[in-house]
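Subject: Structure handover

Hello,

Here is the structure I promised to pass on. Please look it over, then read my notes below.

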Amino acid sequence: MEAQAAQNQIDVTTEIGDLKRILIHRPDIGIGKIIPTKFQDWMYDDIVHLNSMKKEYDEYIKILLYFLDPEKINRIDALEEACKHLPEGSDCLNPSNPDYFDSDKVLDVQKVLSTLLNKENSNGQPNQIRDRIISAICAIEECSFETEQMLHQLDQNQLAKTFITGLLPQDLSQPDLNKFLFPPVPNLVFTRDIGAVIGDKYLLSKACKKARKRESLLIKFISYYSFFAKDQNQVIEIIEDSGYFLLSENDQRKNKVSLEGGDVMMISPRHVLIGCSERTSASAVNGFIHKIFALSDSEVEQITVVKIPQRREQMHIDTVFTQVKRNMWVMYGKFSEALQELKESKQVDYLDKLYHHKEDSFLEETEIYQFYKNKYQKPYHPEHNYLLQTDEDYTILNRGLANQNLPAIAQKPKGLEHLLRQLSIIEFKVAPEDVIIIYCGSGNFPDDDREQWTDGCNLLALREGVVIGYDRNTITNQEFRQAYYNHFRRRGEELSTGMAAGFEVISAGELLRRFKSGEATPASVKDTLIELTSDELSRARGGSRCMSQPLLRAPFNFDVPTF
Ligand SMILES: NC(=[NH2+])NCCC[C@H](N)C(=O)O
């Protein structure tokens, strides 16, 4: 009962507050069935070696457990020790296994789903939610009546697994045959995209691509019947308005609502960012702004839209920047101020030299639009236009910030980097000269493009200044090691005595070893980039932020000095 109550606690108001509860999904056998002809549809760029991918992912799980639920680690260690002699060892990290560690802080989608799939409810009556989920999935996957009947036979764990892998359980299938009932959902490892916690509300995603539709359906049931079983009004859905159904096919394509969690960032309780991207449509952004501003019990009063070029490798805003500390961000240098200035001063020759291989790319820019709920100082009304455009609009915003004792320097951001600086200064009261921007791949071509491709800009903060990334992004990670040294040198200053040159960059394996031996504790870790082995994990265009969905972060202390 207690575990249930804890599971229901959901609250995220920053990107960097101490992480307390997270939704993940360990790579499953569905990923092991991908073939080259399905790369494009299923959004994988290569065949993944599943066992190696799991090994890489398991270090991630263990790091999460050390920080969020350390008691479970002892259990895992004991089980692994006991099963060492078995060929595969213990697989207590596999949510299908009876030995599964089953934490209420590090939750696997498959495990949470299975709790909804009991054949009978607590009163011994047939579980109607289970029946509804089976019907809904059979409807979107166009299953035969026979398949539907077969699904009804499966127990709750088998059923959860089949919904995710698409495969019939081995004992029902002919031996050694892969019997697919429907395709797998191999992108479920990127739990970030299936929803987003906004304060104490849960925003459901509406997947853009067909390959991720079933994920949206599963999380819909999980959020309504598990996370918010007691207060379903906390779930937010954005859908097309009714006129949409009268539009021509072409216009429908333009007005489609699609929204994915990789495009949502809670910066502070009052300010949320949303991307307008390959995956999150303009109609969704519009619906989002109205839905959020219409909430009477939400602290969000400002929404900033970051429109990025629609490209495969930049499918969400979190592929081009993430937050590391109140004063520190990592971003893709293609959108940097330095490059923008060059563009403005029309030094195109130089840019041509730099980027001659893809002339169009340097011309693409981010566009920033800001919306402020209190623009009219009146209650929300759907007819109002909340966009901040004129200087006068920004004066109104500045007044609102001053009322909350926040620095009132808001002006229309000139670009992404300017926006990130503004966020540190306004939301976190950081002095302008203290903001640090780390450029992926050092901001140099071709390293920037290479490391952006392998998620150099996509980090997950376990708490402020403790982030997880991929080991293969060596140039970006080196920037972290030197971050403070470089920053002060640029300012023409020396590091103060005793101050480190930058972050500690340490492999997940080595950190786990130190935790186990007692040389370090999660509490002692500061200013650290934890590197996951990423030979396989990086093959599907997602990094550690994508592989995580924070459900609960501790309230952030905004009132401590930056350095
Ligand atoms: N938040 C993210 N950047 N997610 C990355 C998702 C990658 C996944 N292969 C997809 O294309 O959907």
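First, a term: two strands pair if DSSP finds at least two bridges between them. Helices (H or I, at least four residues) and strands (E, at least two) are DSSP runs, numbered from the N terminus.

Two points on the source. This is a predicted model: local features need pLDDT of at least 70, side-chain atom pairs count only at pLDDT 80 or more, and totals for chains, interfaces and linings use all residues. Residues are numbered from 1 along each chain as its sequence is written.

**Overall**

The protein has 19 helices and 17 strands. Its C-alpha trace spans about 70 × 60 × 50 Å along the principal axes. The radius of gyration is 24 Å, which agrees with the value near 24 Å for a compact globule of 563 residues. That radius is taken over C-alpha atoms, and the globule rule is 2.2 Å times the number of residues to the power 0.38.

Of the 563 residues, 46% count as buried. A residue is buried if 20 or more other C-beta atoms, placed from the backbone, lie within 10 Å of its own. It is exposed if 12 or fewer do, and partly exposed in between.

3 strands form an open sheet in the order 3-4-5, with mixed pairing. Its edge strands are strand 3 (195–198) and strand 5 (235–236), each pairing on one side only. Strand 3 is joined by 4 bridges to strand 4 (residues 201–204), and the two run antiparallel. Within that pair, Gly-195 stands opposite Leu-204. Helix 9 (residues 213–227) packs on the sheet and touches strand 3, strand 4 and strand 5. Touching means contact: C-beta atoms, placed from the backbone, within 7 Å.

**A hairpin**

Strand 6 and strand 7 form a hairpin with 2 residues between them. They run antiparallel, joined by 4 bridges. Val-264 of strand 6 (residues 264–268) stands opposite Ile-274 in strand 7. All 5 of the 5 residues of strand 6 are buried, so this strand is largely enclosed by the rest of the structure.

**The ligand**

14 residues surround the ligand. The closest are Met-43, Phe-190, Gly-262, Gly-542 and Cys-546. A residue counts here if its C-beta atom, placed from the backbone, lies within 6 Å. The shell divides into 5 nonpolar, 5 polar and 4 charged residues. Ala, Val, Leu, Ile, Met, Phe, Trp, Tyr, Cys and Pro count as nonpolar, Asp, Glu, Lys and Arg as charged, and the others, Gly among them, as polar.

Best wishes

How values were computed. Two residues are in contact if their C-beta atoms, placed from the backbone, lie within 7 Å. Axes are lines fitted to C-alpha atoms, for helices over the stretch in contact, and angles run from 0 to 180 degrees between N-to-C directions.
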